[in-house]
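This report concerns a surface patch and the aromatic ring pairs of one protein model.

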Amino acid sequence: MKEIHMADLRAQYERLKPEIDEAINSVLQSTAFVKGPEIKKFEEELSGYLGIRNVISCGNGTDALQIAYMALGLKPGDEIITTPFTFVATVETMGLLGLKPVFADVDERTFNISPAEIRKKISPATRAIVPVHLFGQCAEMEEILEIANENNLYVIEDTAQATGTDYIFKTGVKKKAGTLGIIGTTSFFPSKNLACYGDGGALFTMNDELATKIRSIANHGMKVRYYYDSIGVNSRLDTIQAAILRVKLRYLDSFNEARRKVASFYDTALNDCPEIITPSRTEYSSHIYHQYTIRVLNGKRDKLKEFLLSRKIPSIVYYPLPVHLQKAYRYLGYSERDLPVSEMLCREVLSLPICPEIDMEQLEYITKTIYDFFS
Ligand SMILES: *Cc1c(COP(=O)(O)O)cnc(C)c1O
């Protein structure tokens, strides 16, 4: 059996090698390493795929969040409601700008921010809601957009883990994750579903004026060369990464479909394991399984993780501690039991290997080993 990886980046490269190598080589030949023509082509192709007017690429998914908050003119002291069960970037960028993160707890079935909990956290200082489509499945956007409308709030979608996920409205209309709020942000970090070979990110918006502002902020706040309208940052996608992403975008749907097949295998195989809860699916979102994340009950998560590792099966805890209990965010004044669902999930979750390249032999070995642990 081949060695098992959380995500087999090497196997994927081998598979796409001729196309990827050619894409990289053509950029090397052109020497247009920054702002080369591949950038615009990639942005247009991604906007076509997502069905959104504007895609603005940038240096990484963390910058995309920071640029989004800056472009919307959010000011120090403004309150932003978000989830504590996320990668730190969602919140860290708020802290950098002096914005005040206000945490709303998540739904234990979907791991995503709960609309009912959002309602409880709205104050006169609230300016925005930042849902994170965690592990590849959308938060309950229709309800979140309604809350935002009623209270005149911006919605910024952190789509780093859900590029390609469909949101399904009650009417049956589908839209891509990241295109529902005023701005969507994403990351092309190597392990994401749409990924490059280094750092990369992007922002999405329907609003042309906002798109212009975003472009300017990502380029030092400059509109006319060497004249600065606002304080900006230097955050660009490399041309080489854009060339790689153009190749990978063509495979995104088929790779996501392959992940769904892996997830279905796990679902069925783990169904009879009483101490495991497999990830739930919802009627309002497709799932692209950025992670396949189970809950392990009765305090057995860490023991299972060790057992798997002793049999050469990697697994990862996303995330071991919610953001509100992290040392860096103590200044916000939260304590234990403030957000009980997120805290419980941090004790129970375990993400299993998933990628388009994982094979049946590996999957059977993984699930059999999990049963061995519980028997
Ligand atoms: C990966 C990730 C980011 C940050 O992306 P980088 O490109 O690594 O900066 C932000 N939010 C979430 C939810 C992520 O998973």
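## Surface patch

Y228 sits in the loop between α7 (208–218) and α8 (239–249); helices are DSSP runs of H or I with at least four residues, strands are runs of E with at least two, and both are numbered from the N terminus. Together with V224, Y226 and Y227, Y228 forms a nonpolar patch on the surface with about 520 Å² of accessible area. Areas come from the Shrake-Rupley method with a 1.4 Å probe, and for residues only the protein chains shown count as cover.

## Basis of the model

The model is predicted: local features need pLDDT of at least 70 and side-chain atom pairs pLDDT 80 or more, while totals for chains, interfaces and linings use all residues. Residues are numbered from 1 along each chain as its sequence is written, and side-chain values use heavy atoms, without hydrogens and water.

## Aromatic pairs

The count comes to 16 aromatic pairs (Phe, Tyr or six-membered Trp rings with centres within 6.5 Å; planes under 30 degrees apart are stacked, over 60 edge-to-face, the rest tilted). One of them, F42 with F188, is edge-to-face, at 5.5 Å centre to centre and 75° between the planes. F42 belongs to helix α2 (residues 37–50) and F188 to the loop between β8 (183–187) and β9 (201–205), so this pair ties together parts 146 residues apart in sequence. F42 counts as buried (under 20% relative accessible area) because its relative accessibility is 0%; F188, at 0%, is also buried.

The ring centres of F307 and F373 are 5.4 Å apart with planes at 55°, so that pair is tilted. Ring pairs also link F85, F111, F135, Y318 and Y319 into a cluster.

How values were computed
Patch = residues over 30% accessible without salt bridge, like charges linked within 9 Å, V, L, I, M, F, W, Y side chains within 5 Å. Salt bridge = Lys/Arg side-chain N within 4 Å of Asp/Glu carboxyl O. Buried < 20%, exposed > 50% of the residue type's maximum accessible area, 1.4 Å probe, protein only.
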